Amino acid sequence: MRRLLAISLVAVLPLTNATAARAQEPETRQQDFAAAAAEFQVPASVLLGVSYLESRWDAHAGRPSSDAGFGPMHLTDAAAFTTANHHSEGAEDARGDDSRPLPAPAAPPAPAGLPLSLRTMERAAALTGESHERLRTDAAANIRGGAALLADYQKALGAPLSDDPGEWYGAVARYSGAEEAGAARFFADEVFATIKGGAERTTDDGQRVELAPVPGLAKIEKWLDLLRLRHPRPDGVECPASISCEWIPAAYQELPPDDYGHYDLANRPASQKVEYIVIHDMEGYFLPSIGLNQDPKYGASWHYSVRATDGHIAQHIRTKDVGWQAGNWYVNAKSIGIEHEGFLAEGGTWYTEAMYRSSARLVRYLARQHGVPLDRAHILGHDNVPGTLPTTVQGMHEDPGPFWDWAHYFDLMGAPLHQSGGPRSGSIMIKPDFATNKPYFYGCDRANPQAACPPLPAQTVWLRTEPRDDAPLVKDIGKHPTGESLYSVYDHSARASTGQRFAVAERRGDWTAIWYLGQKSWFHNPAAAPTAVPSRGLVVTPKPGRATVPVYGRAYPEQEAYPADVPYQAVTPLQYTFSAGEKYTLAGPAAAEYYRAVTFDLADHQVVRGRTKYLQIQFGHRVMYVKADDVRVMSAG
C-alpha cells in the first residue's frame, strides 16, 4: 500500500450565503459549519463538502456509522465504542448446496490493531478540548472536531490555511484515512465534485443546509486526470475506473483429504448468466473480514468488499467464478456478492456517503457488464434471497437490514425508484421517505436485547393482519413455524422494503393491503405521506382450476434433464403456497439450471439445464419461484 503524497492545487471561490428562500427554515447546522470554518481557518465549502461525503450533514442522533463514525463529520471512535463485532444472524450455510453442506463457520475475530482511520476522535478531542461524549452527541462540537482535523492535516502537509478550496485537496484526501493513494484520491475527487456542483438538503433532525456551487475548479480536474494516468488500475481488477479498487484474492486451494475452499471456479457468462448482484454487510470491520476471505477453511466467500470511511473496494474473486455468499446455491451460481463494512444494527446503524457512492458505481458497472436489470428484483439484499428447502428458510440471513437506504442507492446508480402507473394501479412499489420513516424495532443492543432501538431512518414498512396500528403482524410460517412475527431488527417476517413491488389486494382509507406470503397484509399508506407509489407491471395468479400453487427457493431442472454422472437435485417446494384470487408481481423468467461443481477441477464442473419453465416473483420479503405451468400471467391493472 502506498502512502498518500501531499497534493496542493489551486482553485477559487468561498461559499456564498444560503438563499433567502430558505431563511425561514432551521439553519443552526449551517451556522455551526460557518463558525467552525472561521475558528479553524478552513474554507466553509471544504468543511461542508467533506461532511456531505461522510454523512450528508446528518447527526444520526449520536449513533455510530458502520465503522464507528459519529456525527456530521464522521469522527471515528471504534476503540472505545466497539465490543464484540459480530452478531449471529442464523445458521445459514453460505454455499447453500444441500448436496454438500458446509459446517457452521467459526465466529470471526474481534478487530485488533485498529487503524488511525477508525480512531480520528482521539485527535479531534486533543485539538479541540472537547470530550468524546460531546464529539459523539453534539453536532456543533463534532463539526468543530472535523474542522480542527482538516486544519491539522493541512499544516502537516506544509500547506497554508488558505481560503482557496483547491489548496485543501491534500488535507481532504488525508481526511479519508486511506493509505492507498487511489482511495484517498477517490474521496477527495468526490468532495470536490460536490463543492463544484453544490448541494442542499434537510438533515435527519430538520436542519436545512446548503453548499452553494463553487465554479472554476477546472484546474483541479485537469490535474487529477494527469494524476490518474500515473497510478494505473491493478491488472485484471474488475471495477470502474472512477473508484479505488485493488485485488486481494480469496484463498482457493485443495484441503486434504478430498475437500477444497472456498469458492468454485466457473466460466461465467459463457457457462451461465449472472442474474443477480447481492448486497451484504460484513457484521464486522474491513480488515478482519477480508482476512476471512483469505482463509480457505472459512466456509464463506464473496467477490468484493467495500470500506466505509472512503469507499475503497477490494476484489477477491473473479466475476466469472462462484462465491459461497448468499446461502442459496442456485442464486450463488447466478450472482455476484458485495460485502459492505459494518453492521445490520449493533455496532452501527448508518452507512457513509462515500460507501454508498463507490458501491453504487461498482453495481452499475457490473450490471452493465453482465446485463443485470437495475431493479430490486435483481439487485438483492442478502435478506431477499430465499431459502432452498423448507429446512433452510428459518436460518437465512437478514443483512443489510432496514437501515440501508435503497432509494438513495438507486439514485446514485442513475436508476431511481420511481412511480409508474396511475393512483389506482393494481400494483405498488414500497417507497417510504427514508429520513422521516422511523418504525419501531428492538434488538439493537446486545447487552439489552429487548430494549427498543433508537428512532432511526429506515426503508421498511410493517405489515399487519388488519388496517389498524394495533393489529398483529402477519405471520411467516417459514421463519416462525409455530409463533408470531417479531419487531426485532433481525426479523423481516412482516416487513416490506423500498423498491419491492407487490400486487394490491385492497385499499381502505389510509391503508393499503398487498398479497404477501399467501395472505392479505396491510400497511399504513396515507395520501399526505405515502409509503408506496403506483408501479405498473405484470403479476401472476393461479391458473383456473388450481386451488393452490407451490413456490420454490430455487429453479432446478426436472429429473430427466440430469446426465447419468450427475445426481438428481430434488425439486422441493417450500412450505408456502398461494391460492386463487391472490396475485404476485412478476420479475421475469428464471432459467431451470443446476451448476454441478463439487471438485477442485473446473473440467469436472457441469451446467444441467432443464425444460421446466420457472418465473421469479416477489412472494414475501424474499424473491421466490413458481412453475410457469401453474400460473397465469396478467397485467396488474
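The structure, a predicted model, holds 3 cavities of 30 Å³ or more. A cavity here is a set of points, on a 1 Å grid over the protein atoms alone, where a 1.4 Å probe fits but cannot get out; points are joined across faces, edges and corners, and a volume is the space filled by probe spheres set on them. The largest cavity comes in at about 90 Å³. Its lining (residues with an atom within 4 Å of a point) is made up of 13 residues, with Asp476, His492, Tyr576, Arg622 and Met624 nearest the centre. By type, that lining splits into 6 nonpolar, 4 polar and 3 charged residues.

As for Thr319, it sits in the loop between strand 11 (313-315) and strand 12 (322-323), strands being DSSP runs of E, at least two residues, numbered from the N terminus. Thr319 has a relative accessible area of 4%, so it counts as buried (under 20%, 1.4 Å probe, protein chains only). Its side chain makes a polar contact of 2.7 Å with that of Glu238.

On confidence, mean pLDDT (the predictor's confidence in each residue, from 0 to 100) is 89 for the chain, and 89% of residues reach 70 or more. Residues 83-88 stay under 50, with 19 contacts (heavy atoms within 4.5 Å) beyond four places in sequence. Residues 225-231 also stay under 50, with 7 such contacts.

Residues are numbered from 1 along each chain as its sequence is written, and side-chain values use heavy atoms, leaving out hydrogens and water. Local features need pLDDT of at least 70 and side-chain atom pairs 80 or more, while totals for chains, interfaces and linings use all residues.

Methods: 1 Å grid on protein atoms, 1.4 Å probe; cavity = no way out; pocket = protein on both sides within 12 Å on 5 of 7 lines; lining within 4 Å. Nonpolar A, V, L, I, M, F, W, Y, C, P; charged D, E, K, R; others polar. Helix = DSSP H or I, 4+ residues; strand = E, 2+ residues; numbered from the N terminus. Buried < 20%, exposed > 50% of the residue type's maximum accessible area, 1.4 Å probe, protein only. Polar contact = N/O pair within 3.5 Å; in protein donor to acceptor, adjacent residues only side chain to side chain.
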